[in-house]
Amino acid sequence: MANTVIGNTIVIDGEISGDEDLTIRGTVKGKIALSASLIVENSGTVEADIETKNVEVSGNVTGNITSTERVELKSDGRMVGDIKAPRILIADGAVFKGNVDMER
Amino acid sequence: MATARTPTPSSPDGATIIGESVHIRGQLNGGEDLHVLGRVEGRVDLERTLVVAQSGIVKAEVSVKNAIISGVVVGNIHATESVELTREGRMVGDIYSPRIIIVDGASFRGNVDMGDIANMPARKPSAERPRPAPAARPAPPPQARPTLTAKPGAKPAAPAPAAKAPEKAPDKAPEKAPEKAEQPRPASVTPLEPPAAKGLPQKAQKTRVIVKRK
């Protein structure tokens with residue numbers, strides 16, 4: 001219950017910050033700053049700069065991701081932007097265009 | 001990772017939840033219910049229900065179908081159906097909604113507008129309860145009027161039938177005795193009595209007419 005979910009029909013234009021996991025099924029534009037995990041589900045669209053601990057992308061992401069732990073692009077994930085994280089996983093089928101930086 | 005995934009399926013697909021530690025600044029649009037346990041600032045436009053939980057804080061212009069407020073709202077709410085301030089609800093701002101429910105214990109400062117009240121049937125007593133709050137503010141001016149001018153003040157305050165009484169009063173007062181200038185004053189001091197007092201003079205007039213005919 002306490003988990004944050006942005007539903008299918010929701011569109012947020014602005015800034016999201018927080019200390020808990022965030023699941024996006026709708027659309028978020030702007031900026032996301034979390035000290036926990038961000039999950040972009042199949043139906044989710046993110047056009048934002050993202051700063052989190054973990055990111056899991058099954059939907060669409062446009063923007064740069066800076067992660068302190070890991071970023072995972074799932075097989076149905078599509079991403080345009082730069083990724084900076086110590087661990088980066090890109091699954092077979094994922095679409096990605098951008099830079100990768102694994103420097104710690 | 002596992003902990004992150006397990007809560008996700010447990011929450012229904014049709015609901016959006018803003019968790020306690022989450023802070024959203026900007027514009028939020030949607031066609032589904034929104035539960036705010038955290039903080040939302042800016043603007044919220046929903047086609048369905050906004051639920052502000054006890055821990056929730058919304059500082060925004062809100063436009064929704066329904067709103068249920070148990071937390072804090074600062075800003076104006078436009079609702080097409082209803083707004084409910086629960087016992088724990090705190091709100092500062094204006095409410096525009098055909099149905100407004102303010103529960104005992106709720107804290108609210110602002111205007112209430114239920115739209116075209118004249119054409120609205122009084123369906124529920126609960127829907128009418130919020131009215132006394134806005135009505136309490138215009139109340140002081142009518143009290144001030146009778147002190148300034150007794151009769152003109154009574155006319156606008158009282159409904160149409162009451163207007164007859166003041167008309168008679170001025171006729172009697174000058175005719176009988178200008179010395180009794182004190183009499184109209186007590187009549188204005190007790191604005192609730194005119195309906196009772198009204199009936200008596202009307203009957204008296206009728207009797208007088210009869211007397212004249214005889």
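Is B:Thr16 buried or exposed? I started there. The model is predicted, and I kept that in mind throughout.

**Entry 1: B:Thr16**

I placed the residue first. B:Thr16 belongs to strand β1 of chain B. I counted 28 other C-beta atoms within 10 Å of B:Thr16. The cut-off for buried is 20 or more, so B:Thr16 is buried.

Next I listed its contacts, leaving aside neighbours within four places in sequence. From chain A, B:Thr16 is in contact with A:Val5, A:Ile6, A:Gly7 and A:Ile10. From chain B, the list holds B:Gly30, B:Glu32, B:Asp33, B:Leu34 and B:His35. I also checked B:Leu50. B:Thr16 and B:Leu50 are 34 residues apart in sequence, and their C-alpha atoms are 9.7 Å apart.

**Entry 2: the side of chain B that touches chain A**

I found 26 residues of chain B in contact with 27 residues of chain A. On the chain B side, the elements that give two or more residues are α2 (7-10), β1 (15-18) and β2. Of these, β2(B) gives the most, with eight residues. I then sorted the residues of this side by kind. Nine are nonpolar, 14 are polar and three are charged. For the complex, the predictor gives an ipTM of 0.81 and a pTM of 0.61.

**Entry 3: β2(B) and its two partners**

What pairs with strand β2 (residues 23-30) of chain B in the antiparallel sense? I found strand β2 (residues 11-18) of chain A, with seven bridges between the two. I noted two of the residue pairs. A:Glu15 has B:Arg25 as its bridge partner in β2(B). A:Ser17 has B:His23 there.

I then looked for a partner within chain B. Strand β4 (residues 39-46) of chain B is joined to β2(B) by eight bridges, and these two strands run parallel. B:Arg25 turns up again here. Its bridge partner in β4(B) is B:Glu41. I wrote the row down: B:Arg25 is bridged to A:Glu15 and to B:Glu41.

**Entry 4: the nonpolar core**

Which residues have the most contacts inside the largest nonpolar core? I read off B:Val36, B:Val44, B:Leu50 and B:Ala67. The core has 57 residues. Strand β6 (residues 57-69) of chain B gives the most to this core, with seven residues.

I followed B:Ala67. Not counting residues up to four places away in sequence, B:Ala67 touches B:Leu50, B:Val62, B:Ile77, B:Ala79, B:Val83 and B:Glu84.

**Entry 5: A:Glu69**

I moved to chain A. A:Glu69 sits in strand β8 (residues 65-73) of chain A. I counted 13 other C-beta atoms within 10 Å of A:Glu69. Exposed needs 12 or fewer, and buried needs 20 or more. A:Glu69 is therefore partly exposed.

Leaving aside neighbours within four places in sequence, A:Glu69 is in contact with A:Lys53, A:Asn54, A:Ala85, A:Pro86 and A:Arg87. I checked the spacing to A:Asn54.

How many helices and strands does chain A have? I found zero helices and 13 strands. Chain B has nine helices and 13 strands.

I looked up burial next. In chain A, 44% of the 104 residues are buried. In chain B, 24% of the 214 residues are buried.

Then I took contacts between residues at least 6 apart in sequence. In chain A, 1% of them join residues at least 24 apart. In chain B, 12% do.

**Entry 6: confidence in chain B**

Last, I went through the pLDDT values. The mean for chain B is 69, and 48% of its residues reach 70 or more. By element, confidence is lowest in α2(B), at a mean of 35. Confidence is highest in strand β7 (residues 72-74) of chain B, at 97. I note that α2(B) is also among the elements giving two or more residues to the side that touches chain A.

Where does pLDDT stay under 50? One stretch is residues 180-191 of chain B, for which the model has 16 contacts beyond four places in sequence. Residues 193-214 of chain B are also below 50. Beyond near neighbours in sequence, the model has ten contacts for residues 193-214.

Notes. Residues are numbered from 1 along each chain as its sequence is written. Chains are lettered from A and ligands numbered from 1 in the order in which they are written. This is a predicted model: local features need pLDDT of at least 70, side-chain atom pairs count only at pLDDT 80 or more; totals for chains, interfaces and linings use all residues. Two strands pair if DSSP finds at least two bridges between them. Helices (H or I, at least four residues) and strands (E, at least two) are DSSP runs, numbered from the N terminus. Two residues are in contact if their C-beta atoms, placed from the backbone, lie within 7 Å. Ala, Val, Leu, Ile, Met, Phe, Trp, Tyr, Cys and Pro count as nonpolar, Asp, Glu, Lys and Arg as charged, and the others, Gly among them, as polar. A nonpolar core is a set of buried Ala, Val, Leu, Ile, Met, Phe, Trp, Tyr and Cys residues joined through C-beta atoms within 7 Å. pLDDT is the predictor's confidence in each residue, from 0 to 100.
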